Amino acid sequence: MKKITFLLTVLVISFLFTSASAKEYPYEWLSLGMSESPATIQRVRWRTTTDLPQAVAELTPARPSPDLWNDVTLYQAVSETKEDYGVVRCYHHITFHNLTPDTKYLYRIGDGNDHWSEWYPFKTAKTTNDEFSFIYISDVQVGIHDHYPRVIRQATRSSADASFIMFAGDLTGGASEWEWNAFFQANGWIFGMIPVVPIPDSHEYTHGKLTTYWDHLFSYPENTPKELSEQGNYFFDYQGCRFLMINTKELLSDSEEYRALALAWIEEKLATNPYKWCVVQQHRPIYSVAEGRNSEGIYEHLNPLYEKYDVDLVLTGHDHIYARMRGENSLKDSDQLSGPIHVVSIAGSQVYVPEFYTYVERIGSNIQLYQNVTINENYLEFKAYLATGELYDHFLINKPGDSKSFTDKAVGWPEITDIPTKTWQVYTEEDMARFRRQREEYLKSKSTN
């Protein structure tokens, strides 16, 4: 009899706890974004089906106790029903404001009627110029569902303390519903914890215009002229570094008025940078590094500004290989540095044939990568990793005082220069001979330096 009473008690307690638990909240495409004040403001976006037109969120300081219903702040979402390419969904966004710097928080989203997501953590930035790190990824584009997921998982595994994730354009192949579904599914809970810092380019365009999805997929700072912000341009300052996000496709459009406005804005943000460091993210590189690619226009418009204002790092994609170069005002093979280091990278499965130009200092082809960048008061450290987790490139930009120097930590490391399988299958013997000759000349030049 005692055993029966005990079992009944356990069942009742279990039922009470179960019934008190939150019911599942069906949501998708959740992402934290960057704000104009990352130490005190955090934005979040997601979407639901049209039977859930309203949404809320709860926010509380992070703590180890499961009693998270105490000390919560309830936020009402701004919700809007939108149709994109025949698909109708409700899009929701919330701004958490008046946050405490350098503080861990927990939040969950729901419908306000006992249907909730799991609790997600995030941490606000500091107001001091302390060390931080971020992840940089480019050109997910092809292989979103099957090849890319291992990259982002390995990236977050090896860069667990990253403050945000930067995406240098071409997040999808055609900005379609199923591709965005695959993109957000691949990134999963990661986007709910780490702010996303993307820029758009050609593969985020449909019918000649930036996809209508863009403005309700991602949150970014509201500190840029409307004409530029609508095209995905913005900037933010984070713990001693200024970041500029530039839509290079739109910069090359036929609109001289837009280009003049964009270039004036870029120069003003570079000229007024109050910090030691400056990082630019754009899709199209200053220096082309892949077969058939041409940076004409981008070089002419942007390179003079980057050299004039001594930008430190330019993160790009577009050419679907890995490459590292330094600006034209810096002598190759010297430790002195003037202007930026330029990097091209690729996270998706569509890879191109490299061109072994003399300005390339390190190259990688037929590989997928992610990058981790760490910045503190004295140096910027850049590490490029293969999708399998091995370190592929490593360098430092040193700024202990007013001087600026470069340290190549990858000197003598092997370089992967394979030609993509799909390419050599269609190459003629003459094409293959030319590729092998150029590769041999490049590798020979590296061995003699």
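Hi everyone, let me start inside the protein, with the lining of the largest cavity: its residues divide into eight nonpolar, five polar and one charged. Please keep in mind that this is a predicted model. The cavity itself has a volume of about 90 Å³, and the structure holds one cavity of 30 Å³ or more. Of the 14 residues lining this largest cavity, Pro38, Gln42, Lys123, Pro195 and Tyr238 come closest to its centre.

Now for the largest pocket. Its volume is about 550 Å³. There are 24 lining residues here, and the ones closest to the centre are Lys123, Ala160, Asp161, Ala162 and Ser163. You will have noticed Lys123 again: it is on the list of residues closest to the centre for the cavity and for the pocket.

Which elements give two or more residues to the lining of the largest pocket? They are β8 (104–110), β10 (120–123) and β11. Strand β10 makes the largest share, with three residues. By class, the pocket lining comes out as 13 nonpolar, five polar and six charged residues.

Let me move on to the open sheet. Seven strands build it, in the order β16-β17-β18-β19-β21-β20-β22, and the pairing is mixed. At the edges sit β16, residues 234–238, and β22, residues 362–364, each pairing on one side only. From one strand to the next, the twist averages 15°.

If you follow along on the structure, look at β17 and β18 with me. Strand β17 covers residues 241–246 and β18 covers residues 277–282; the two run parallel, joined by six bridges. As an example, arginine 242 has cysteine 278 of β18 as its bridge partner. On to β18 and β19, which also run parallel, with three bridges between them. Here glutamine 281 has leucine 315 in β19 as its bridge partner.

Leucine 315 brings me to the side chains of β19. Leu313 and Leu315 point one way from the strand, while Val314 and Thr316 point the other way. Are these four buried or exposed? All of them are buried.

Helix α7, residues 256–271, lies across β16, β17 and β18, and runs at about 170° to β17. Helix α8, residues 298–308, packs on the sheet as well, where it touches β17, β18, β19 and β21. The direction of α8 makes about 170° with that of β18.

Asparagine 247 is found in the loop between β17 and α6, the latter being residues 248–251. Why do we call asparagine 247 buried? Because its relative accessible area is 1%, and buried means under 20%. Leaving aside neighbours within four places in sequence, asparagine 247 is in contact with Pro200, Asp201, Tyr205, Gln231 and Asn233.

Last stop: helix α2, residues 149–158. Its buried residues are Pro149, Val151, Ile152, Gln154, Ala155 and Thr156.

How values were computed: Residues numbered from 1 in each chain as written. Predicted model: local features only at pLDDT ≥ 70, side-chain atom pairs only at ≥ 80, totals over all residues. Heavy atoms only, no water. Pairing = 2+ DSSP bridges. Axes fitted to C-alpha atoms, helices over the stretch in contact; angles between N-to-C directions. Contact = heavy atoms within 4.5 Å. Buried < 20%, exposed > 50% of the residue type's maximum accessible area, 1.4 Å probe, protein only. 1 Å grid on protein atoms, 1.4 Å probe; cavity = no way out; pocket = protein on both sides within 12 Å on 5 of 7 lines; lining within 4 Å. Points joined across faces, edges and corners; volume = space filled by probe spheres on them. Nonpolar A, V, L, I, M, F, W, Y, C, P; charged D, E, K, R; others polar.
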